[in-house]
Amino acid sequence: MNKKLRPLIVFTLATLITSQTVFAEGYTKPINTKTQITYSNEKNNSLGGFVLESKKWIKDLKCNVCIYKHKKSGAHLVFVQNNSEDKMFCVNFKTPAKNDKGSNHIIEHSVLCGSKKYPVKDPFIQMSKQSLNTFLNAMTAHDSTMYPVSSKNDKDFNNLMSVYLDAIFYPNMVKNKRIFEQEGWRYELNSPNGELKYNGIVYNEMKGNYSDPQWILNRAIAQSLFPDNSYKFESGGLPEAIPNLTYEEFVKTYNEYYTPSNSYFYLYGNLNIEKTLKFIGENYLNSFDKKKVDTSIKLQKPFTKRKTKVAEYSISEKTSTKNKTYLSLNYVVDKITNKDTVLNFSVLKDLLTGNSSAPLSKALRENGFGENVQISFDISYDQPIFSIIAKNVNESQKDKFEKVVNDTLQNIVKNGFDENFVNSVINIYELSKRSVKGNFPLMYNSMIMQSWLHGGDPTLYLNINSDICNIKNKIKDGTLQTLIQKYLINNTHSSLVILKPVPGLQKTKENNLKAKLAKYKASLSNQQINDIIKNTKDIRMWQQTPDSKKLTNTLPTLTRTDINKNAKKYTTIEKKENGVKVLYHPIFTNGIGHVSLYFDTSKVPQDKLGYMYLLSNVLSQVDTKNYTKAKLSQEILSNSGGITFAPNCYPKSKNNDVYYPKMMANITSLNSKLPKNFNLLEEIMYNSNLKDKTRLKQIIHTMKQTKENQLMSNGAGMAIQKLLSYTSKYGRYNNFVNENLYSFLCDLDKNFNTKSNEIVKNLEDVRNLIFNKQDLIVSYTGEEENYKYFAQSFDKFSNNLRNEKLPKYKYSFNNSKQNEGIIIPSKVQYVVKGGDLLKIGYIPNGKLLVLQNILQSGYLWNNIRVKGGAYGANVALSNSTLVFSSYRDPNLKETLNTFNKIPEYLKNFNADEKQMTNYVIGTIGKLDTSNNMLSSIMGPAADGLIADGLYLSGIKQSDLQKERNEILSTTVEDIRKFAPIIDAILKENHFCVVGNEKKINENKKDFMSITSLQNCRSSK
């Protein structure tokens, strides 16, 4: 688990709209009355010094929102009262950055490294491995910092709240400089003749972030629009500026911002509010007096004309820069507290580029900008930013880019939006309103704070469903056109950002840093050098010294009796419809049907697998026999939440050498519209025009660019995928279709003119092989009374399916071991090692998950993150393959050595009953959280997809319960017994490293091959 998952938090209106929860009987109930909160009149003694200032019924959330003020300290508090069993506590601070040194981000990391009441070195990681939390993290945004934690268990919730409160208001970091050096930055030097380096968790995290072009682009946009206020600074810290932060400035920033007077508390769920307020007030806030804190952010004065800013990002040496520039037109739009403008612009985002037939997407595509066009509406600033971004283009297109955007916007102002397209967008909003989803306590916190922290009404964005009901009228009456004219066409507070690729830029920066540090070292006296060497050793000794049992026992814990011993149940009823197996999941979905069709793709020959992926991207993106592409897009959006296609692969339970490749076709729509959507699905499958070579060329080029960006920005995923390909047939299949897909697309893109006929024929052949009734499995998730809509629609659809008996292929991929070093333009590494447990004779079981918790939150955390300075370390079980990995890691050889010493650690592993109980509790907590995570995002449709995956992999409900029982029964001796098993896995010596060229070449003798992820040349 990454300790502080720190995105610069960006929420769009689409996020806000689709996050609204519809509470329903049998799912999550709303509170039953608007007047539940009553208190005694004894001077608020029962409230710990809090006074209720207002209470408001929020219709869309079916809950009360209560606003409190703590009189003595000045703290603010909001309570979202409902019957949700998932309770959240969060403290938010307004923390505008004053420079690029990253003090707010380093503080966010450091406050959770021990406190007055809980003086262990890392209570955060201790609680993560011994609690039933459903969320446990901390995050830094552009102008705020938040500390959220949640749990469904009352006792656990109170424990976590206590630990967080003590960490926030009484952290050890203000008196222990080593915490700052560990989490922020420090000099490292091992010997007088050694190389002087920087290290630190935040320092390495931000080095990783600034290897991502999108991160660099976002910063450049903020700098271009806000040159005179705090938003021009990188709140996370620039890697080159972080070492300029002193410990004294760090502590001063904490003392300035982390006072109750600058705090905004958030409580959510079915909790005892009187007891909770009393605890917060009496144990913490009553010890503080009000204090004036200046957190103001002055509004940026509008520009008199558009500004242009050029920024650079690194690509590999000897790589072509053609079609790798980013162009971004950016506009400052009003203020975050003007809800009407914010809501309208969030709708405009979808109207302009919501799909390929949206006017701006269409215009840019037709004028040579491809399909890598997106709009971002970033409401994480006091003054929101509306950005139109074209990726993978050339700098020479900048004038044309501005002209096409302006001309398209002018045309919309003059002629309005196409009515059919508008109806399709409205349909998506209507579906999102009906979607039954899990509770979103963290999202509601963010929605409240984005207004409250800027002086607005905390409930401003909580009744959004009511606000979007009149969107149609706003479109028809010209409101949106007026806003386009005012804030886009006539708005001079705007910028054009050009992000250019520079081959070898990263290497140049590394050499400059190395020279800078060498020069600094040369200026030091012998005594100063020895002091750095001593400090390097001292901090390592401090990191290596475990907390005493006396200290760890200060942390609050649960007992095994607090654990729910029953595994979550997934209901699947097998049926037959017209000879096809149906997996039915009877779940309340508020009238929405979720359909997944799993077509068997084992009939596709190995040399055509690339065309299977190409086909999934072509379908719905070309004309069909009865629809133009634009009309088809409108029909889909007007009648459904989308019709999508995606190749997937399911391994047999605990056996990665057996797998089942499928092509998924998904439909989400109102049940009453399923007949129409099945007709559209059939039209897309069989009547798509695969002979439109102009369109095919565009799609292939866009796919190649998208895949290129994915490979360059996801080093961790690439390394893990490679590792899995060394150890199993399932891994080799996935690696083949993913890695080879890039070279396949490069070849088609480069040679399209000579291969176009071949491409068309192969697409048609693959289509005929895939969309066949033989071995088809279909899934439906919805209410029992709505199953008839599905059955009637599907029976008619299935009558028209091809029904041919086709041979299945057994794929054979290169299974030679290739321990690879893969070079990408990155400042850090992603180091992965592991192997298949079945190959050494071990059958995976639930006890492995306890081992995973112990290693991930203990041994690997301490050695790779705390001592090594990596952003994260992980242990994952991919069916039967065990994977050890590091994330944004400054090291390579040292990390592999850490992995190799795991057996020795396990051989000597020891824990008393309380410690083992904590490990077991933490494992169950992580298991339940991961099971609920997808459900909280997608709602009950997720349970249907999870149940499908279980079925296709051969996992039964009894297997889930058996796994849970194995976790609950895990002992110290069970963990020790893993020592020889892990030793055997590691001695297989399967590893992969993706990362920095210099670091990989320094260790080249350890690799069987070293490759550089070179971008192939475009045919354009």
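**Helix H23 and its partner H28**

Guide: The crossing of H23 and H28 is right-handed. The model discussed here is predicted. The two axes, those of H23 and of helix H28 (residues 787-799), come within 9 Å and cross at roughly 30°. Because angles under 35 degrees count as roughly parallel, H23 is described as roughly parallel to H28.

The residues that H23 brings to this contact are Leu674, Pro675, Phe678, Asn679, Leu681, Glu682 and Met685, and they meet Tyr789, Phe790, Ser793, Phe794, Lys796 and Phe797 of H28. Sorted by class, the contact comprises nine nonpolar, two polar and two charged residues. In an α-helix there are 3.6 residues a turn, so residues three or four places apart point the same way.

As for H23 itself, the helix covers residues 674-687, which makes 14 residues.

Burial in H23 extends to Leu674, Asn677, Phe678, Leu680, Leu681, Glu683, Ile684, Met685 and Tyr686. Among these buried residues, Leu674, Phe678, Leu681 and Met685 also take part in the contact with H28. Glu683 is likewise buried, while Glu682 is one of the residues of H23 that meet H28.

Terms used. Residues are numbered from 1 along each chain as its sequence is written. This is a predicted model: local features need pLDDT of at least 70, side-chain atom pairs count only at pLDDT 80 or more; totals for chains, interfaces and linings use all residues. Side-chain values use heavy atoms; hydrogens and water are left out. Helices (H or I, at least four residues) and strands (E, at least two) are DSSP runs, numbered from the N terminus. The expected span of a helix is 1.5 Å times one less than its number of residues. Buried means under 20% relative accessible area, exposed over 50%, partly exposed in between (1.4 Å probe, protein chains only). Axes are lines fitted to C-alpha atoms, for helices over the stretch in contact, and angles run from 0 to 180 degrees between N-to-C directions. Angles under 35 degrees count as roughly parallel, over 145 as roughly antiparallel, 65 to 115 as roughly perpendicular and the rest as oblique. A crossing is left-handed if the near helix is turned anticlockwise from the far one by less than a right angle, and right-handed if clockwise. Contact means heavy atoms within 4.5 Å. Ala, Val, Leu, Ile, Met, Phe, Trp, Tyr, Cys and Pro count as nonpolar, Asp, Glu, Lys and Arg as charged, and the others, Gly among them, as polar.
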